[in-house]
Amino acid sequence: MAISKYFKINRARPESSPETDLKDSKGKGIWRYIPHERIIDEDAIRARLNLPTAEEALAQERSNKDLDTPSLPIAYEIRDEANRKWWKFFDEYEYRVTKKTASEHKWYHWFDKNDTPAEKKLIIKLDVILCFFAFVMYWVKYLDQTNINNAYVSGMREDIGMRGNDLVNTQSIYTVGAIVFQLPFMYMIHRYPSNRLLPLMDIGWGLFTLALYTTQNVGQLQAYRFFVGVFESAFYPTINYLLGSWYTPTEYARRGGMFYWGQMLGVLTAGLLQAAAYDKLHFVNGLEGWRWMFIIDAIITLPIGIIGFWALPGIPSKCHSLFFSDEEIFLARERLRRIKVNVEDDSDSFFTKALWKDMLSQWKIYLFVFLNVLGWNNSNASSGSYILWLRSLERFSVVKVNQLSAITPALGVLWIWLTCSGSDLLRSRFGAIAFSQTFNFLGNLMLAIWEIPEPAKWFAFMLQYFGWAMIAVGYGWMGDSMRSTPQQRAITTICMNMFGQSSTAFTAILVWRTVEAPRFLKGYTFSACCAFSIIIVSFVILALYKREERQRAAENGIIIYDSAKGEPAPELLPDGTVVLSDSEGKHEYIMANHEHTDIELTSKTTFVVAQREISDSESESDKVVNVEPKRKI
């Protein structure tokens with residue numbers, strides 16, 4: 001049911017009362033511009049907008065047909081899986097939507113066909129407020145994170161006496177700071193408002209980024225980089241959690257891809273800014289160009305942190321945004337509830353044994369964490385391999401090296417867009433991951449061989465950001481599979497990022513040793529193996545995900561049976577009640593839009609409808625007569 005088609009009617013304000021007058025008086029003055037938790041009365045909004053629940057709408061429909069049926073789960077489709085085609089295994093929404101709804105889906109439409117104007121307006125507003133800000137914030141974060149590689153090749157190595165593996169060791173120390181301080185956010189990102197947590201952390205990493213310009217030796221550099229990692233620790237998993245809290249599974253990957261554009265822009269502009277700083281500011285006021293780079297980064301970072309207090313909306317159940325109306329907050333919750341996403345606050349369950357036992361007894365946390373660990377290690381980009389190779393050619397100036405370093409992240413924007421858009425619009429997370437990792441495997445394989453023509457090396461390096469193109473897809477898939485348990489999703493989000501990032505602390509030292517640049521035989525081989533493994537792990541996840549979605553098909557109104565395996569067909573009674581018998585007993589549903597003896601089928605297999613005839617004698621047992629349906633597809 002299109003829940004927001006009612007949002008254009010009956011927008012009159014509720015009658016004035018002492019309670020509402022008091023609320024209005026508190027909303028006056030400067031405090032109205034300070035973000036605060038938005039407490040909304042959903043029942044009042046539903047009544048004001050004449051918006052029924054799905055169950056109420058069906059009850060009204062059945063009442064109009066003079067059908068007296070108790071409240072039961074709704075069934076929209078009865079599906080026989082006999083002769084099911086093998087390729088349906090790869091249809092990730094096979095058990096999420098009816099065949100009729102699936103046939104209406106057009107991959108080239110940005111919005112879903114059933115999105116109403118009110119929903120489209122909400123999505124656009126989320127894109128502008130949440131997604132765009134996340135993109136800008138990630139740009140700043142990655143600018144601060146990768147500027148050390150540009151500074152290293154722009155004079156910092158010589159100025160502070162870096163030798164041997166000092167660069168990779170410094171990067172590992174940053175990673176340690178980012179990992180350790182993620183642990184508290186397993187609880188905090190779901191419990192406390194993100195519009196306070198993230199901006200404060202942002203300001204902290206901006207200040208320590210500024211401190212880097214004062215570095216005089218390797219010890220100072222590593223200490224400052226450790227605290228930059230500490231304050232950046234919350235950003236990445238929190239933004240992924242927020243995106244998963246507002247967007248539906250078919251919207252997430254594209255927004256996650258836009259978010260990741262910030263990463264590409266950070267890598268791209270780090271080189272360009274370093275080139276400009278070295279060219280225009282080198283030794284201005286006695287400071288080297290690489291020191292000016294850290295100053296410029298801090299000047300960009302600090303204002304973004306302050307803006308975050310207003311830009312970040314929190315989560316639908318605890319919205320702190322000043323830019324959404326009460327109706328829009330309500331609509332955001334309802335559109336997620338419609339697809340069985342739990343939007344309620346269950347943060348109190350964090351300290352319960354039941355939550356951890358349930359989460360740790362399932363496959364999701366283990367496989368999605370493993371997938372992300374591989375994803376953190378499947379690219380040669382973070383090692384600085386490309387820029388180190390450019391420098392090893394010894395035919396480009398420092399400025400030219402920094403300029404050329406912008407090519408691969410610029411292409412990365414395209415690779416991310418292709419992967420994430422394909423995931424959403426084609427509704428295939430596995431397909432998108434396999435697509436990206438095929439190219440990633442190819443690029444790393446070519447570099448592992450190494451003894452190839454130079455144009456082939458350029459081509460291989462141009463593919464390096466295909467590795468990270470699948471990360472947003474993985475987070476979206478995890479959020480979808482754990483849509484019923486927000487707190488478990490928050491914990492798994494942190495674990496995915498924490499274990500993935502922590503793995504790079506030792507893999508970087510083992511396979512990306514600076515002294516082996518630019519050959520990196522172990523590094524390219526390791527990345528190629530990770531890319532191939534990601535495809536295998538994704539296939540396993542797909543199999544388990546489809547098995548679980550089939551078990552939950554009834555939640556989406558799809559009744560499944562397989563006559564080829566001897567499973568009995570459900571009985572459809574004249575009053576629209578569907579009776580399904582399985583190993584767990586009998587289950588009853590209400591068939592939506594059912595006309596007594598007329599049923600539309602979705603399988604060519606003969607389907608038997610049971611019609612109950614009640615005898616005149618009350619003591620006589622019910623009799624069941626089999627009749628053929630009037631209509632079959």
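Trainee: How many helices and strands does the chain have?
Mentor: There are 23 helices and 10 strands in the chain. Keep in mind that this is a predicted model.

Trainee: Noted. What share of the residues is buried?
Mentor: Of the 633 residues in the chain, 55% are buried. The accessible surface comes to about 27,800 Å², and carbon and sulfur atoms account for 61% of that surface.

Trainee: And what part of the contacts links residues 24 or more positions apart?
Mentor: Taking the contacts with a separation of 6 or more, 79% of them are between residues 24 or more positions apart.

Trainee: OK, switching to helix pairs. How do α6 and α22 pack, angle and distance?
Mentor: α6 covers residues 166–180 and α22 covers residues 486–511; their axes are 9 Å apart, at an angle of about 160 degrees. Angles over 145 count as roughly antiparallel, so that is what α6 and α22 are to each other. Their crossing is left-handed.

Trainee: Which residues meet there?
Mentor: From α6 you get V168, N169, S172, Y174, T175, A178 and I179, and they meet M498, Q501, S502, T504, A505, A508 and I509 from α22. By class, the contact of α6 with α22 has 8 nonpolar residues, 6 polar and no charged.

Trainee: What about α16 and α20, which classes show up in that contact?
Mentor: Geometry before classes. α16 (residues 385–392) and α20 (residues 454–462) pack at about 155 degrees with axes 11 Å apart, and they are therefore roughly antiparallel. The crossing of α16 and α20 is left-handed. On the α16 side the contact uses S385, Y386, W389 and L390, and on the α20 side E454, K457, W458, F461 and M462. That contact has 6 nonpolar, 1 polar and 2 charged residues.

Trainee: One more pair: at what angle do α8 and α10 cross?
Mentor: Roughly 150 degrees, with the axes of α8 (residues 194–211) and α10 coming within 11 Å. That makes α8 roughly antiparallel to α10. S194, L198 and W205 of α8 make the contact with F235, T238, I239 and L242 of α10. Those residues divide into 5 nonpolar, 2 polar and no charged. The crossing is left-handed here.

Trainee: What does I239 touch?
Mentor: Leaving out residues up to four places away in sequence, I239 touches A134, L198, F259 and L312. There's also L130: I239 and L130 are 109 residues apart in sequence, yet 9.0 Å apart in space, C-alpha to C-alpha.

Trainee: Last one, T250: buried or exposed?
Mentor: Buried, because T250 has 18% relative accessibility and the cut-off is under 20%. T250 lies in α11, residues 249–281. Apart from neighbours within four places in sequence, T250 is in contact with Y93, D424 and R427.

Terms used
Residues are numbered from 1 along each chain as its sequence is written. This is a predicted model: local features need pLDDT of at least 70, side-chain atom pairs count only at pLDDT 80 or more; totals for chains, interfaces and linings use all residues. Side-chain values use heavy atoms; hydrogens and water are left out. Helices (H or I, at least four residues) and strands (E, at least two) are DSSP runs, numbered from the N terminus. Buried means under 20% relative accessible area, exposed over 50%, partly exposed in between (1.4 Å probe, protein chains only). Contact means heavy atoms within 4.5 Å. Accessible areas come from the Shrake-Rupley method with a 1.4 Å probe; for residues, only the protein chains shown count as cover. Axes are lines fitted to C-alpha atoms, for helices over the stretch in contact, and angles run from 0 to 180 degrees between N-to-C directions. Angles under 35 degrees count as roughly parallel, over 145 as roughly antiparallel, 65 to 115 as roughly perpendicular and the rest as oblique. A crossing is left-handed if the near helix is turned anticlockwise from the far one by less than a right angle, and right-handed if clockwise. Ala, Val, Leu, Ile, Met, Phe, Trp, Tyr, Cys and Pro count as nonpolar, Asp, Glu, Lys and Arg as charged, and the others, Gly among them, as polar.
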